[in-house]
Amino acid sequence: MACRVKVVGQVERVDGASLSYAEFVRRFMASNRPVVLTGLTSSWRACKDWTLSGPGDRRRPNLGFFTENFPSPLVQVADCSSRDFTDQKRLEMSMQEFIDHWVRGAHRGSSDGSLLYLKDWHFVKEYPDYIAYTTPTFFVDDWLNMYLDSHPIHRDSDIANHKNEINCSDYRFVYMGGKGTWTPLHADVFRSYSWSANVCGRKQWLFLPPSQSHCIFDRNMRSSVYNLHDDVSEKQFPEFSKTEWLECIQEQNEIIFVPSGWYHQVHNLEDTISINHNWFNAYNLHWVTTKLQKNILKTFEIYVMILKDFVNGTWQLIQA
C-alpha cells in the first residue's frame, strides 16, 4: 500500500522464545519502544481451529468454524468506508450476517460498497470455556484486566448474565477483517500498552513516537489526522510534514508490542484474524494517570462552560 508519510525505520523483530522477561522489560517496556515478537503462538488452539491451509505456509481464516462454534448474537463491526467523528461508523450484527457479508465481498465485491471489520469482540468473556490462546509471559502483569476480572460484575450472576454488561467487562479482543480493512490513526485507550497477535494474515503498521504526537493535531490541539493515506491538509495540520514514522509488516504468528502514547494506523494486507489486549502495569502507570487527569480536567472545563452558558441564559431570561 502506498504511504504518504516519511518512514525512517522499521520496528525491530526479536525471537520471543529466547527473550527473557527481564530483557524485554529493559529493552522495550521500560524504554517504551515497539517490538515484534516471533515464536510464541505455535501451541495456540486458535492458530489451528481458526485457520485453513493456504498456498505455501500461508493460512487463511476458517470462517465456517466461527459461524458453527461461536454464534454470537451480536458483534460490533466497523464500516471502514464510513467515518463517524474520529472513528469509523460502528454497526451491530450477528456473526452469521458478518461472515455472509465477508464471503459475498470476497466473491463478488460488496453490493453496498462497505468494507466491514469486526472489532473489539470480547471473545474471552463470551466463550470462557474455549481456551483459544495463552497470554505470553511478557504481558501477564496486566493490572487492567486483573482488576476487571475481580470486579463484582463477574461475581453477581444476575448482572454478569445481562448481555449488555459483557461488552464493558474486559480489554481482551478478537479482530477479524478482509483484505483492505483498517483502523484509523489513534493512540490506545487510557494510553495503555497493547499487544496484537496475528493468527493469520498480514498487517501494515505505521508508528509515530510520542515526542512527535503534537504534530498530528491542529493548532488548537482539538482535531487530529484521521487517515495517513489521505492527503493531509497542510493548512489544518501545519506540523504534520515534520513527522517521522516507523513501519512494520506484521506476518502471521507474530505479536507486536505497542507502547504507551505511540500513535499508530493499521491496515490489513490480507484476510486477517488477530487477538488483541490493552493493559497497563507499573511501567506505564504514569502515562495512564496523566491521561486520566487530563480527561478529568477537560470534562471539568466543559462542565464549567455549560454551567456558565446556563447561568447567562437564565440571567437574560430574568432581565427580559
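Between which strands does the loop that holds Phe-85 lie? I looked this up first: Phe-85 is in the loop between β6 (75–84) and β7 (87–93). Strands here are DSSP runs of E of at least two residues, helices are runs of H or I of at least four, and both are numbered from the N terminus.

I note that this is a predicted model, in which local features need pLDDT of at least 70 and side-chain atom pairs count only at pLDDT 80 or more, while totals for chains, interfaces and linings use all residues. Residues are numbered from 1 along each chain as its sequence is written, and side-chain values use heavy atoms, with hydrogens and water left out.

**Positive phi**

I recorded a phi near 60° for Phe-85, a positive value in a residue other than glycine. Most residues other than glycine have a negative phi. Arg-191 is placed in the loop between β10 and β11. Its relative accessibility is 16%, and Arg-191 therefore counts as buried.

**Gln-252**

I located Gln-252 in the loop between β13 (245–250) and β14 (255–258). Gln-252 counts as buried because its relative accessibility is 11%. I then checked polar contacts (pairs of N or O atoms within 3.5 Å; within protein, one must be able to donate a hydrogen and the other to accept it, and residues adjacent in sequence count only if both atoms are side-chain atoms). A polar atom of the Gln-252 side chain lies 2.7 Å from the backbone oxygen of Asp-57. For the backbone nitrogen of Arg-59, the distance to a polar atom of that side chain is 3.1 Å.

**Helix α1**

I listed Phe-24, Val-25, Phe-28 and Met-29 as buried in α1 (residues 21–29). Seen down the helix axis, the buried residues of α1 fall within an arc of 110°, so they line one face; the arc is that of the directions from the axis to the C-beta atoms. Ala-22 and Arg-26, on the other side of α1, are exposed.

**Strand β15**

I found six of the six residues of β15 (residues 263–268) buried. Tyr-263, Gln-265 and His-267 point one way, and His-264, Val-266 and Asn-268 the other. β12 (residues 203–208) runs antiparallel to β15, joined by six bridges (strands pair if DSSP finds at least two bridges between them). Leu-208 has Tyr-263 as its bridge partner in β15.

Terms used
Buried < 20%, exposed > 50% of the residue type's maximum accessible area, 1.4 Å probe, protein only.
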